[in-house]
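Open your viewer and get ready to select a few things one after another.

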There are 2 protein chains.
Amino acid sequence: MVRIGVDVGGTSTKIGVVDEEGRILSHGSVDTRTDLPFSEQIAQMAACAKEVLQRSGHTVDEVASIGAGVPGVADPKTGVVVFCTNLGWHNVPFRTEFQKYFNTPIFIDNDATVAGLAESVAGVSKGADSSVFITLGTGVGGGIIINGKIWSGAHGVGSEIGHMILELDGEPCTCGNHGCVERYCSATAIIRKARELLLRHPDSLILEKVDGDPSKINARTVIDCAREGDAIALKVFRWYVKNLAQAIASIIHFLDPEVIVLGGGVCNAGAFLLDAVREEVPHYILFKNLPYSEIRLAELGSDAGMIGAAMLS
Amino acid sequence: MVRIGVDVGGTSTKIGVVDEEGRILSHGSVDTRTDLPFSEQIAQMAACAKEVLQRSGHTVDEVASIGAGVPGVADPKTGVVVFCTNLGWHNVPFRTEFQKYFNTPIFIDNDATVAGLAESVAGVSKGADSSVFITLGTGVGGGIIINGKIWSGAHGVGSEIGHMILELDGEPCTCGNHGCVERYCSATAIIRKARELLLRHPDSLILEKVDGDPSKINARTVIDCAREGDAIALKVFRWYVKNLAQAIASIIHFLDPEVIVLGGGVCNAGAFLLDAVREEVPHYILFKNLPYSEIRLAELGSDAGMIGAAMLS
């Protein structure tokens, strides 16, 4: 038996046929067309899924389940996407619509949750009974695994790590609150802080790398410059690591998972980031002499969405 | 069958015989004697337990289990109290020592965790599949129930809500960190903020109630004055409620439990506090139109420690 994983994204939706161990057998993608009605978007995804399935050499009868990860709030019980701002979806019956094309069990959940599940089934947190996955991208998302299973909360609105509060009356967040983790731990935060410091330090290597155009700065530029020893980039990097370490300490003090997995675009910095975070976290740990969550980098990269979605049950 | 609950405290240890529904049948207490060796402290507790058991009309053969809640870090697997600062306990074999007097299964856990369990078995969160208990006292403690069971973390160091970070580089905490929840949401925080404001506003009712002696201020004085409409006390109270609401929002965004239970001394303020918190929390909630954790006041009061300890398994 195989499973189909649908990783719904704002730009494109990736679809993979995955075996029981979480290995991708074949995959494809379809552009996200927010200009089309919901039912037609699903029709396109389903057609792509059938084509990818055929390429894998399996038939519809061999599909145990289909799962989808969506960048928004999904209700795993009803199969309804409550909302998904990027796609303009509000209370759309994802499961019911998809079942018009596939007569199999269909599951949905939040995309960061699904990526966390993938890492715990086939990735870096495999074998851990509990883990918290943190995506460090444009925003900050999260996925929680407890007793080997997804925990999305009693009302399905949990694991929104990006909107835990890290600073009372802090930076304004897109969500309307102030001081959310996302304002201090996302790629966006790195860019904001770099631009802020560059106003006073225009001689930084960062500006040189973007031909003097601050609008071209991304997190990678800043981290690359930090790695090369640029003082301003290092200042931004250390500020970022300090923020992230405190957010991680909050998660440890609250939930104390076996493993904390860091994923998302910022983690392309690899060991340079991981080593710095591992060095910083102990400063904020309450019980200095007791073991605490191991911090690791995600290893499934952009495949995590498909794999985790396929593994939903 | 009955169970014995031992609520170990810095001043006294309360011991109760509890039935399967969490009702206390008889109880007693013994002074905490930190001047005595650990083994003698346990001998005193065991003697008190035997006396309380006799008064309940039950025999040792009818004791299904004994549980203890300790104000520190306990390892439920080994039965060892890792440390308990108030009592000067460090890696003491609680279970082994207590079993010299009772040949029954003996369980231990953190006191706030145990109080949370009590509320979920016999109190205000009874029937809820998931709950987070927050004690608002001198410090801030926590207990987490997930799928009807205690969650203390993979390494037993979780549910330390008081040391989640609420403000980057904020108020210095007794733990060595800065900006911990405890600095903003404890009774101590109320007292600190009141004293700070009274320096500029000595005409407040608060100072009148303590005969002009700021060292006599406690959380109750401040909240009583707020209830009476004193402007400075109200300012402290609103500041406190705003902090607490943001800490609660972080818990909702992260774990999204079915119920959040507020306990501890500050909650003697009753509906005056609860109503204010319930009104403030929605300002910080991410998904304004979706249901979220219900916020309730603990109802077992100081009995929660004994009841929850007895219910450990």
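Here is a short tour of this predicted model, stop by stop.

**Stop 1: the two domains of chain A**

Begin by colouring chain A by domain: the assignment gives domain 1 (2–121 + 303–311) and domain 2 (127–297). Their C-alpha centres lie 28 Å apart. The contact between them takes 14 residues from domain 1 of chain A and 16 residues from domain 2 of chain A.

Now look at the domain 1 side of that contact. The elements that give two or more residues to it are strand E5 (73–75), strand E8 (106–110) and helix H3 (111–122) of chain A. Which of them gives the most to this side? The answer is H3(A), with eight residues. By class, this side of domain 1 of chain A has seven nonpolar, four polar and three charged residues.

**Stop 2: helix H3 of chain A**

Among the buried residues are A:Asp111, A:Gly116, A:Leu117 and A:Glu119.

**Stop 3: the nonpolar core**

Next, select A:Ala118, A:Val222, B:Ala118 and B:Val222. These are the residues with the most contacts inside the largest nonpolar core, which has 216 residues.

Zoom in on A:Val222. Leaving aside its neighbours within four places in sequence, A:Val222 is in contact with A:Ile190, A:Ala194, A:Ile206, A:Ile217, A:Ala233, A:Val236 and A:Phe237.

**Stop 4: where chain A meets chain B**

Zoom out and show both chains. Here 39 residues of chain A are in contact with 39 residues of chain B. On the chain A side, the largest share, six residues, comes from helix H8 (residues 231–254) of chain A. The residues of this side divide into 22 nonpolar, 12 polar and five charged.

How are the two chains related? Chain A can be laid on chain B by a turn of 180° and a shift of 0.0 Å along the axis, with an RMSD of 0.0 Å. That is the relation of a two-fold axis. To find where the axis passes, select A:Glu167, the residue of chain A that comes closest to it, at 2.0 Å (C-alpha). The copies meet through the same surface, because 100% of the interface residues of chain A are also interface residues in chain B.

**Stop 5: a loop residue in chain B**

Select B:Thr32, in the loop between strand E3 (24–31) and helix H1 (38–56) of chain B. B:Thr32 is partly exposed, with 18 other C-beta atoms within 10 Å. Beyond its neighbours within four places in sequence, B:Thr32 is in contact with B:Gly9, B:Gly10, B:Thr11, B:Ser12, B:Thr13 and B:Leu87. From B:Thr32 to B:Glu167 the distance is 36 Å, C-alpha to C-alpha, and 135 residues in sequence.

**Stop 6: two positive phi angles**

Most residues other than glycine have a negative phi. Select B:Asp169, which has a positive phi of about 50° although it is not a glycine. B:Asp169 sits in the loop between strand E11 (149–150) and helix H4 (182–185) of chain B, and with 11 C-beta neighbours inside 10 Å B:Asp169 counts as exposed.

Finish at B:Asp211, with a positive phi of about 55°. B:Asp211 lies in the loop between helix H6 (205–209) and helix H7 (219–227) of chain B, and is exposed, with 7 other C-beta atoms within 10 Å.

Conventions
Residues numbered from 1 in each chain as written. Chains lettered and ligands numbered in written order. Predicted model: local features only at pLDDT ≥ 70, side-chain atom pairs only at ≥ 80, totals over all residues. Domains from an automatic or database assignment. Contact = placed C-beta atoms within 7 Å. Helix = DSSP H or I, 4+ residues; strand = E, 2+ residues; numbered from the N terminus. Nonpolar A, V, L, I, M, F, W, Y, C, P; charged D, E, K, R; others polar. Least-squares fit on C-alpha atoms with pLDDT ≥ 70 in both. Buried ≥ 20, exposed ≤ 12 C-beta atoms within 10 Å, placed from the backbone. Core = buried A, V, L, I, M, F, W, Y, C linked by C-beta atoms within 7 Å.
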